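Here is a short exchange on how parts of one protein model meet. Look at the structure first, then read on.

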Amino acid sequence: MNKARMWKSYLGVPLLAVLMGMGSAYAQSLAKADEKALKDMAIANMAEVETAKIALQKSQNAEVKAFAQQMVDDHTKGLDEVKAVAQAKNVTLPSEPDAKHKAMAKKLQAMSGEKFDKAYLDMAGVKSHKEAHALVVKTQSNAKDADVKGLAAKLQPTIDQHMGHVQQLASSMKDMKTGTAMGASGSGSTGGSAMPKSKDKVGTQQQSSGNTDNPANPANPTTNPATAPAK
């Protein structure tokens with residue numbers, strides 16, 4: 001009886017370890033593509049927050065600053081949602097954006113004024129949200145894990161709303177700039193008064209020239225009775 005208990009004790013410990021190992025492996029058995037999708041979604045959210053904070057510091061445009069604040073709020077929330085799923089799946093997320101997004105932030109830091117606003121809306125706004133849209137759509141189609149699919153589906157409406165907003169904002173700023181340039185060009189124009197002035201000047205030159213054959217010249221013998229030859 002004691003031997004049976006001894007064997008049971010010996011066998012029980014390794015068996016428990018194996019079962020625990022299997023549980024841990026099961027918890028970490030997320031597909032590599034799904035794990036990458038989680039990391040990419042985390043990076044996208046972090047990059048949006050970082051560039052938006054730069055915009056809040058550098059931009060002087062009220063609409064751009066309002067958009068940037070929305071990016072901080074919404075993408076901070078989006079990042080928290082990605083972290084929750086990653087934690088449940090035992091996935092360690094990056095703590096900072098990747099090299100590509102760091103380079104974009106560095107480029108924006110070197111700009112100011114309208115040039116900064118345009119670059120921010122183009123790069124962190126339109127381009128980055130198009131990439132994020134493609135990412136969540138692809139994840140919904142290809143992910144094997146239901147929670148990862150659900151996360152991508154949850155993030156998509158916010159991403160799409162941002163993309164529509166920034167495209168409209170960029171377009172309105174472009175139209176405003178074009179209208180200002182056209183107005184400035186019109187105010188500097190002399191209009192239709194230049195041609196008559198030029199014509200009058202030509203006429204005056206013709207009258208004052210030494211060409212006595214010109215009928216408009218008083219010195220022309222045929223038109224000036226005082227100098228006309230006697231018949």
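This is a predicted model: local features need pLDDT of at least 70, side-chain atom pairs count only at pLDDT 80 or more; totals for chains, interfaces and linings use all residues.

Residues are numbered from 1 along each chain as its sequence is written, and side-chain values use heavy atoms, with hydrogens and water left out.

Reader: Is helix 2 roughly parallel or roughly antiparallel to helix 3?

Author: Helices here are DSSP runs (H or I, at least four residues), numbered from the N terminus. Helix 2 (residues 32-58) and helix 3 (residues 62-88) pack at about 155°, with axes 8 Å apart. The axes are lines fitted to C-alpha atoms over the stretch in contact, and angles run from 0 to 180 degrees between N-to-C directions. Angles over 145 degrees count as roughly antiparallel, so helix 2 to helix 3 is roughly antiparallel.

Reader: How are the rings of F67 and Y120 arranged?

Author: Rings of Phe, Tyr and Trp (its six-membered ring) pair if their centres lie within 6.5 Å; planes under 30 degrees apart count as stacked, over 60 as edge-to-face and the rest as tilted. For F67 and Y120, the centres are 6.2 Å apart and the planes are at 65°. The pair is therefore edge-to-face.

Reader: Which residues form one aromatic cluster?

Author: F116 and Y120 also pair: their centres are 6.0 Å apart and their planes at 5°, so they are stacked. One aromatic cluster is formed by F67, F116 and Y120.

Conventions:
Helices (H or I, at least four residues) and strands (E, at least two) are DSSP runs, numbered from the N terminus. Angles under 35 degrees count as roughly parallel, over 145 as roughly antiparallel, 65 to 115 as roughly perpendicular and the rest as oblique.
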